[in-house]
Amino acid sequence: MRIFKKPEMGLPILIMISSFAAAASNVVADETGNANSRPAFNSLESLQISCSANENQESNRELSARILNLASSNNPLDRLGALSQLAGKSSATSVDANVTQRVLQAALRDPDSNVRAQALYALSQQNCADVPLILEQALQDSELSVRLMAVDSLTADENGTSLLEQALNDEEQAVRELAAFKLESLSK
Amino acid sequence: MKFSGLKNSVITVLGGLMISQAGVALAHNQGGSFTTGLAAGVDFYQVSCFDDGTGVPSYVEAQVKDMTANTSKVSIVLQKGTTPCTTNKCAQSSTDTTDTDAAYSPLVRVTQGTGVYNLFVSHSAAGTDSYDVQVHCKTASNAHTGTTVSSKQQQ
């Protein structure tokens, strides 16, 4: 795992999708134990992210410490809570960029698929690098919750629309349903 | 005192626990998530209110916390009986519109006495939302009394 200890403001955004082929062959255990038509595959495992600070916002130390503490918990619900708070744009901008990056980086490799999914949404609300590429990769994940959150995080740009159209062919009805809902919303 | 339960579990808390001294209210927390992810998914619980020695139940109050930040928002509907709904409401709903905080939705109350109340949890869009519902049976004097929660449907 590579963590950028001190992201600088204006730091060129960097992402290493180290090897899609290698990641694709990296089969992980299905923690739900549910039968799934596609092999367990954590699409986010090999990702490296880089988030930069909002130049106009001073970070809130107390909030940053609280989120870091929750994100370090053994309880997945606590980790989910930390990421939910990061997903709030108003609070996220006041969380230390270094903390944001550490929390998100760890969450993308979390054994709990709901935590990984929430990390995606939080990532999409941050000033982080190459979010569209990450979301595109997440659409290949074996976990429904991850693919659903990837669809939910897509935006109205050309690439986002293209990926939403791609998601209309997902094997799960819920993903197709959400993609259709988003496309309809974006067209209004 | 706080109890957390998994899906399909039955949580029973008996009155008479030594809570009054510390002034701590009993709380029932029922955690769950929409496993199918479908927008039409509804989780259904039944809340039984009985006199555990504390007093005869008068009403149930409930609220929900949407633990997943996304487009979808989680709501509950609490319902019991069909008449007379004019004097005391038979059904009330509550939605957690801010899913990026640790706060619950507004507390709602249905005053229909002893018996079984229906609690429906739904969400506004597709997503595997996780949620936590707090539910209490209380006497007319607002004392926490016998409460059980059982899961009937998970979607």
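Which residues in H3(A) meet which residues in H6(A)?

## Helices H3 and H6 of chain A

In this predicted model, the H3(A) side of the contact consists of Pro76(A), Arg79(A), Leu80(A), Leu83(A), Ser84(A), Leu86(A) and Ala87(A). They meet Asn114(A), Val115(A), Gln118(A), Ala119(A), Tyr121(A) and Ala122(A) in H6(A). Sorted by class, the residues of this contact are nine nonpolar, three polar and one charged.

H3 of chain A covers residues 76–87 and H6 of chain A covers residues 113–124. Their axes lie 8 Å apart and form an angle of about 10 degrees. Angles under 35 degrees count as roughly parallel, and H3(A) and H6(A) are therefore roughly parallel to each other.

Over all chains, a search of the whole structure finds four salt bridges.

## Helices H8 and H10 of chain A

From H8(A), the residues in contact are Leu144(A), Arg147(A), Leu148(A), Val151(A) and Asp152(A). Their partners in H10(A) are Ala174(A), Val175(A), Leu178(A), Ala179(A) and Lys182(A). The contact of H8(A) with H10(A) comprises seven nonpolar and three charged residues, with no polar ones.

## The interface of chains A and B

At the interface, 19 residues of chain B are in contact with 19 residues of chain A. The two chains bury about 1,400 Å² between them, with 60% of that area on carbon and sulfur atoms. On the side of chain B that touches chain A, seven residues are nonpolar, 11 are polar and one is charged.

Between chain B and chain A there are zero salt bridges. Four residue pairs are in polar contact across the interface, counting pairs with both residues at pLDDT 80 or more.

Notes:
Residues are numbered from 1 along each chain as its sequence is written. Chains are lettered from A and ligands numbered from 1 in the order in which they are written. This is a predicted model: local features need pLDDT of at least 70, side-chain atom pairs count only at pLDDT 80 or more; totals for chains, interfaces and linings use all residues. Side-chain values use heavy atoms; hydrogens and water are left out. Axes are lines fitted to C-alpha atoms, for helices over the stretch in contact, and angles run from 0 to 180 degrees between N-to-C directions. Helices (H or I, at least four residues) and strands (E, at least two) are DSSP runs, numbered from the N terminus. Angles under 35 degrees count as roughly parallel, over 145 as roughly antiparallel, 65 to 115 as roughly perpendicular and the rest as oblique. Contact means heavy atoms within 4.5 Å. Ala, Val, Leu, Ile, Met, Phe, Trp, Tyr, Cys and Pro count as nonpolar, Asp, Glu, Lys and Arg as charged, and the others, Gly among them, as polar. Buried area is the accessible area (1.4 Å probe) that two parts lose on being put together, summed over both. A salt bridge is a side-chain nitrogen of Lys or Arg within 4 Å of a carboxyl oxygen of Asp or Glu. A polar contact is a pair of N or O atoms within 3.5 Å; within protein, one must be able to donate a hydrogen and the other to accept it, and residues adjacent in sequence count only if both atoms are side-chain atoms.
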